[in-house]
Amino acid sequence: MTETILEVKDLTKIYDDRPVVDGISFNVKKGEVFGILGPNGAGKTTTLEMIETMRPIDGGSITICGLDVASQPQEVKAVIGVQPQTAAFQDKQKLHEIIEMFAAAYGEKVNPWEFLEDVQLGEKAGAYAESLSGGQRQRLSIATALVHSPKVFFLDEPTTGLDPQARRNLWDLIREVNARGVTVILTTHYLDEAELLCDRVAIMDKGKIIAMDTPKTLIKQLLDKGFKKEQHVEQANLEDVFIDLTGKGLRD
Amino acid sequence: MTFKQQLRTVLIFTKLSTKRFFRDKLALFFGVLFPLIFLFVFGSMSKGNTDTNFRVAIFNQSKETYAAEFNKELTSSKTFKVSKDAKNLADAKDKMAKSQLDGIIVLPEQFGAVNPDIKHPQGVVQVLYSQSNANTGQTLIAVLNGMVSQMNAHLLGAQPPLAVQPAPVNDHHLTAFDYTFAGLLGFSIIGIGIFGPINVFPELKKQGILRRLHTTPLKVWQYFTATMLSQALTGLVGIAAQFAVAIGVFKLQVVGNWFEIIIFTVLGIFMILGIGLAVGGWAKNERQAAPLANAVVFPMMFLSGTFFPRFLMPGWLQSLSDWLPLTPVIDGLRLLTTEGAHLVNLGHQLALIGGWTLLIYVIAFRVFRWE
């Protein structure tokens, strides 16, 4: 885990004379799961969109897999997979056709059923996208982002709006993808999610990175400053109760 | 990606979006059924114009047998559309004043009574017509005069010394329906090429579907080409249905070459679709798309000969509408379909279509936005 796959330098985005992303710099190493955290409006999504070639860069530079994002957007698109915040698909299109379409968009020819199996949608291959639940749609969206075997996989708030079962299932899926050697970069405002999934996190606020390290180190630093949380002796929380009662199995 | 791979992408997108069209009931309705409804409505209207018939009410006040026979003769004549709605003469006059009737035919008492001197039935047919619609009235009288003199000849058993023999020359003559049909084809090309994209694109943008595609290496030209091909395919299905109805129901005589008609139709769809791609591709949402589309579509719809032929327009308006993109499409379709022209004769139309296509697509590519 030493090779740098993403290098962001002094990245800036200005909307209406106000910097939304304010000269941030960070590196992501190959094989990492890297989280960008922050409250709404912190600039997470804008940062991600600039890396994904979707927004013009106002200042600074981004290099991904040795490619310059500003000058080689087409090449960059071919090595990254993108999961947008909301997964939407056209009506009256079957799941296996959606996979075929995205593969074609990347110039690839794949076996759609294989990819659908990977995200537990094999049985739904002949169904229309509009018949899917929220969690299934997210999984389909992940499958569409992986059809071209990308080196880096971006997920923008992947679990927002999902029920606890679907969230857990998605975490497993992200880990599986990462285990195949794909570098994962995600944004979230669920801190438990970041703590569980990410090797390193960057915390953003008002367009700047205010902290960046492994979750453990960040927590340790806070404790070293003398921070004390009100102690709870409970060994479980309400989510544990919920999962215990309703089970871990997917509900869709 | 090699160029061959890029073309393969285009073909897969074409295949998938064509499949989607045939699964989408709403798209099928607007693409196929809706133009057919227009065809039936306008087709019936222009058909009524060609075989001039008169809406009349007949009042037979005579009890004579010949009067009943005469009445039967009039009623069965194709020239008259006899209305039974009017209860009495006053009611019929009222209907005529409202232009619901062209004339009233009265067979007075004693009509058809046999004159013992000449041993033939005798009588005077009364025709009432509105003075404000004197033309129709005069024609109606002329038609009746003709019928009566035929009957006279029959009754008297002798050929009158002088006669007029009408010989209609109708082969290759353009009917009102030929104009209507070409116009309606133009209308459905607008439906396919403009109303489709301006409704679909803002929706795709709203849901972020285009944006998602933009994260892939897919290029605008690939997306446009796939859309063009699939719209041309689905559009041809709708247009084929219209031809089938026009030929089957409205007796359209197609004298042109089908291959040339298809080629020309596809070129027309490509060009008009460019307008839809430009407007829909530019607009961020429906509120931007709808007014712009209306501003573009309505002048074309009324000036290019969609609903009424251009030859009815004043000269200056005709020369202005000559240059609209839809005009050469409608003119060309009519020339190919019913006037026996070939593509080689349509240099003017093809040049106009070519020029517009180039201009429209340059704009469409420039203004396209993925979100």
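Which residue takes a positive phi just after H9(A)? To find it, select the end of helix H9 of chain A, residues 238-246. A:Gly247 takes a positive phi of about 85 degrees there. Helices (H or I, at least four residues) and strands (E, at least two) are DSSP runs, numbered from the N terminus. H9(A) itself is hardly covered, and the count of buried residues among its nine residues is zero. A residue is buried if 20 or more other C-beta atoms lie within 10 Å of its own, exposed if 12 or fewer, and partly exposed in between, with C-beta atoms placed from the backbone.

The model is predicted: local features need pLDDT of at least 70 and side-chain atom pairs count only at pLDDT 80 or more, while totals for chains, interfaces and linings use all residues. Residues are numbered from 1 along each chain as its sequence is written, and chains are lettered from A and ligands numbered from 1 in the order in which they are written.

**Stop 1: the open sheet of chain A**

Select strands S6, S7, S8, S3, S9 and S10 of chain A; in that order they form an open sheet of six strands with mixed pairing. Two strands pair if DSSP finds at least two bridges between them. Strand S6 (80-83) and strand S10 (208-213) stand at the edges with a single partner strand each, so one side of each is left without a neighbour in the sheet. On average, neighbouring strands here are turned by 15 degrees against each other, direction ignored. The axes behind such angles are lines fitted to C-alpha atoms, for helices over the stretch in contact, and angles run from 0 to 180 degrees between N-to-C directions.

Next, colour S7(A), residues 152-156. Five of its five residues are buried. A:Val152, A:Phe154 and A:Asp156 lie on one side, A:Phe153 and A:Leu155 on the other, so that both faces are covered. In a regular strand the side chains alternate between the two faces of the sheet.

S6(A) and S7(A) run parallel and are joined by four bridges; in S7(A), A:Phe154 is the bridge partner of A:Val82. S7(A) also pairs with S8(A), residues 183-188, in the parallel sense over five bridges. In S8(A), A:Val184 is the bridge partner of A:Phe153, and A:Leu186 is that of A:Leu155.

**Stop 2: helix H6 of chain A**

Move to residues 164-179 of chain A, helix H6. Which residues of H6(A) are buried? They are A:Ala166, A:Arg167, A:Asn169, A:Leu170, A:Ile174 and A:Val177. The face turned away from the buried side of H6(A) carries the exposed residues A:Asp172, A:Glu176 and A:Ala179.

Now show what covers the buried residues of H6(A): this includes helix H5 (134-145), S7, S8 and helix H7 (191-197) of chain A. A:Arg168 is partly exposed, with 17 other C-beta atoms within 10 Å. The C-alpha atoms of A:Arg168 and A:Glu193 are separated by 9.2 Å, although the two residues are 25 residues apart along the chain. After H6(A) comes A:Gly181, with a positive phi near 100 degrees.

**Stop 3: the hairpin of chain A**

Select S1(A), residues 4-15, and S2(A), residues 18-29, which pair in the antiparallel sense over nine bridges. A:Thr12 stands opposite A:Asp22 in S2(A). The two strands form a hairpin with two residues between them, and A:Asp16 in the turn has a positive phi of about 50 degrees. S1(A) pairs with strand S4 (residues 59-64) too, in the antiparallel sense over five bridges; in S4(A), A:Ile62 is the bridge partner of A:Val8.

**Stop 4: chain B and the interface**

Finally, display both chains: 21 residues of chain A are in contact with 22 residues of chain B. Contact requires that the C-beta atoms of two residues, placed from the backbone, lie within 7 Å. On the side of chain A that touches chain B, helix H2 (73-79) and helix H3 (95-105) each supply at least two residues. The largest share, six residues, comes from H3(A).

Chain B is divided into domain 1 (3-47 + 172-367) and domain 2 (52-156). Domain bounds come from an automatic or database domain assignment. The C-alpha centres of domain 1 and domain 2 of chain B lie 49 Å apart.
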